[in-house]
Amino acid sequence: VTGMVIVTVLRPPTAPVVLPKNTSLAPPLRRLFAGMIDFGLGLAVAGMLAGRGGWSELGWWITPDGQWLMLTVLPCMSVICGLSEGLSGRTLGKLALGIRVSSIRVQLGNLDSPPEPPGVARGLLRNIIKWCLPPVGLIALLDPEGRHRADQFAMTAVVLPDDPDDEEAEQGGSDDL
């Protein structure tokens, strides 16, 4: 509860968000579905590793065993997803939906650089807030940019690479006609 209050009340550093070249912020539904894929995979793996029967049934999750497993899965998801996003910028859910986590630049610099992974420290910070304090994600609904509070604190953004074919069409088409 204390962590949720701190993350909710404290404002992350405010500065203009400069996204990497040829990217845009990923749509909220795509980010949500990527998180659901990651969470579902995490629960399935944890259920299988627990070795207790019935984990695939919905009613099992309200038993004490299911609740305990849920409490252990969330910190594990924080570490696994944090390392994955920190090193490669992607989790399995993000890979499946074609999005990635990237560092943002808070000051004008080299705008032509490609998206780069945020690094392990930022990836872990982002995922600890995301998985261990899930109600904080609802603040994104009130944020004008629509970014998760975890992204704001970690100075990251979930981006969607722009399609180079779309750029050619906007610039007058290609010469392949």
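Select Glu-85, Lys-94, Arg-126 and Asp-151: these four residues are linked in a network of salt bridges. The model is a predicted one, so treat each stop as a feature of that prediction.

**Stop 1: the charged network**

Keep the four side chains on screen. How many salt bridges does the structure hold? There are three.

Begin with Glu-85 and Lys-94. Their closest N and O atoms are 2.9 Å apart. Are Glu-85 and Lys-94 buried or exposed? Both are buried.

Now move to Arg-126. This residue forms a salt bridge with Glu-85, and here the closest N and O atoms are 2.9 Å apart. Colour the helices to see what the contact does. Arg-126 lies in helix H5 and Glu-85 in helix H3 (residues 64-88), so the pair ties together parts that are 41 residues apart in sequence.

Why does Asp-151 count as buried? Because its relative accessibility is 2%, and the cut-off for buried is under 20%. Arg-126 is buried too, with a relative accessible area of 5%.

**Stop 2: the aromatic pair**

A search of the whole structure finds one aromatic pair. Phe-39 and Trp-131 form that pair, and it is stacked: 5.8 Å centre to centre, with 20° between the planes.

Trp-131 counts as buried, at 7% relative accessibility. Phe-39 counts as partly exposed, at 23%.

**Stop 3: a nonpolar patch**

Follow helix H2 (residues 28-50) to Leu-32. With Leu-32, they form a nonpolar patch on the surface. Together the four have about 410 Å² of accessible area. Leu-32 itself is partly exposed, with a relative accessible area of 46%.

**Stop 4**

Select strand E2 (residues 100-103) and show the side chains. Which residues point which way? Arg-100 and Ser-102 point one way, Val-101 and Ser-103 the other way. All of them are buried.

Now bring in E3. E2 and E3 run antiparallel, joined by four bridges. Centre on Val-101: opposite this residue, in E3, stands Val-158.

**Stop 5**

Most residues other than glycine have a negative phi.

Start with Met-155. The residue lies in the loop between helix H6 (149-154) and strand E3 (156-161). Met-155 is partly exposed, with a relative accessible area of 24%.

Finish at Asn-22. Asn-22 is partly exposed, with a relative accessible area of 37%.

Note on methods:
Residues numbered from 1 in each chain as written. Predicted model: local features only at pLDDT ≥ 70, side-chain atom pairs only at ≥ 80, totals over all residues. Heavy atoms only, no water. Buried < 20%, exposed > 50% of the residue type's maximum accessible area, 1.4 Å probe, protein only. Helix = DSSP H or I, 4+ residues; strand = E, 2+ residues; numbered from the N terminus. Patch = residues over 30% accessible without salt bridge, like charges linked within 9 Å, V, L, I, M, F, W, Y side chains within 5 Å. Areas by Shrake-Rupley, 256 points an atom, 1.4 Å probe, with all protein chains shown as cover. Salt bridge = Lys/Arg side-chain N within 4 Å of Asp/Glu carboxyl O. Phe/Tyr/Trp six-rings, centres within 6.5 Å; stacked < 30°, edge-to-face > 60°. Pairing = 2+ DSSP bridges.
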